[in-house]
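Take a moment to look over the sequence and the model below. We will walk through a few places in it together.

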Amino acid sequence: MDTMTGDVVSPLALWGAKLAGAVGGSVISIAYLLPAGRRDAAVRFLAGAVTGLVFGGPAGLALADHLGFTERIGAAELALIGSAAASLCAWWALGVLQRFAEGLAAAAGRRGGGS
């Protein structure tokens, strides 16, 4: 049930909101940090879109609860903002992990090369 209007929200409307948020978050993540090529852009877009679709609902609920507007926003809006946030954060988290792994590999290369 949508808390703003009191209407029942269809599952199709929720999926549409999740899809719109996931695509929007993926596009924003690509715009913030330009990819190295087409393959990188496609991987980033797909990773963000899937993450937004899968984790959009829980992320929206967590954000609304943390910000204190759970009772004042509808289910479709929760799904939209949650999917966009999860999608946007997915690539940033993967980028941090990638840089961490590259740093570990470089450190291991320096240790192995100096022996």
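Which residues form a nonpolar patch on the surface? They are Ile28, Tyr32, Leu33 and Trp92, and together they have about 410 Å² of accessible area. Keep in mind as you explore that this is a predicted model.

**Helix H1**

Tyr32 counts as exposed because its relative accessible area is 61%, and the cut-off for exposed is over 50%. Helix H1 itself covers residues 11-32, which makes 22 residues. From its first C-alpha to its last, H1 reaches 31 Å, close to the 32 Å expected at 1.5 Å a residue.

Which residues of H1 are buried? They are Ala17, Lys18, Gly21, Ala22, Gly25, Ser26, Ser29 and Ile30. As for pairs of aromatic rings, the count comes to 0.

**Links across the chain**

Residues separated along the sequence can be compared by their C-alpha atoms. Ala85 is found in helix H3, which spans residues 75-113. Val23, also in helix H1, is 23 residues from Leu46 along the chain, with 8.9 Å between the two C-alpha atoms.

How many salt bridges does a search of the whole structure find? The search finds 1. Here the side chains of Arg44 and Asp40 meet, at 3.5 Å from N to O. Side chains of opposite charge can pair when their charged atoms come close. Both residues lie in helix H2 (residues 38-67), 4 residues apart, about one turn of the helix. An α-helix has 3.6 residues a turn, so residues three or four places apart point the same way.

Are Arg44 and Asp40 buried or partly exposed? Arg44 is buried, because its relative accessible area is 2% and buried means under 20%. Asp40, at 25%, counts as partly exposed.

**Exposure side by side**

Here are the accessibility values for several of the residues we visited.

| Residue | Relative accessible area | Class |
|---|---|---|
| Arg44 | 2% | buried |
| Ala85 | 23% | partly exposed |
| Asp40 | 25% | partly exposed |
| Val23 | 31% | partly exposed |
| Tyr32 | 61% | exposed |

Notes: Residues numbered from 1 in each chain as written. Predicted model: local features only at pLDDT ≥ 70, side-chain atom pairs only at ≥ 80, totals over all residues. Heavy atoms only, no water. Phe/Tyr/Trp six-rings, centres within 6.5 Å; stacked < 30°, edge-to-face > 60°. Helix = DSSP H or I, 4+ residues; strand = E, 2+ residues; numbered from the N terminus. Buried < 20%, exposed > 50% of the residue type's maximum accessible area, 1.4 Å probe, protein only. Expected span 1.5 Å × (residues − 1). Patch = residues over 30% accessible without salt bridge, like charges linked within 9 Å, V, L, I, M, F, W, Y side chains within 5 Å. Areas by Shrake-Rupley, 256 points an atom, 1.4 Å probe, with all protein chains shown as cover. Salt bridge = Lys/Arg side-chain N within 4 Å of Asp/Glu carboxyl O.
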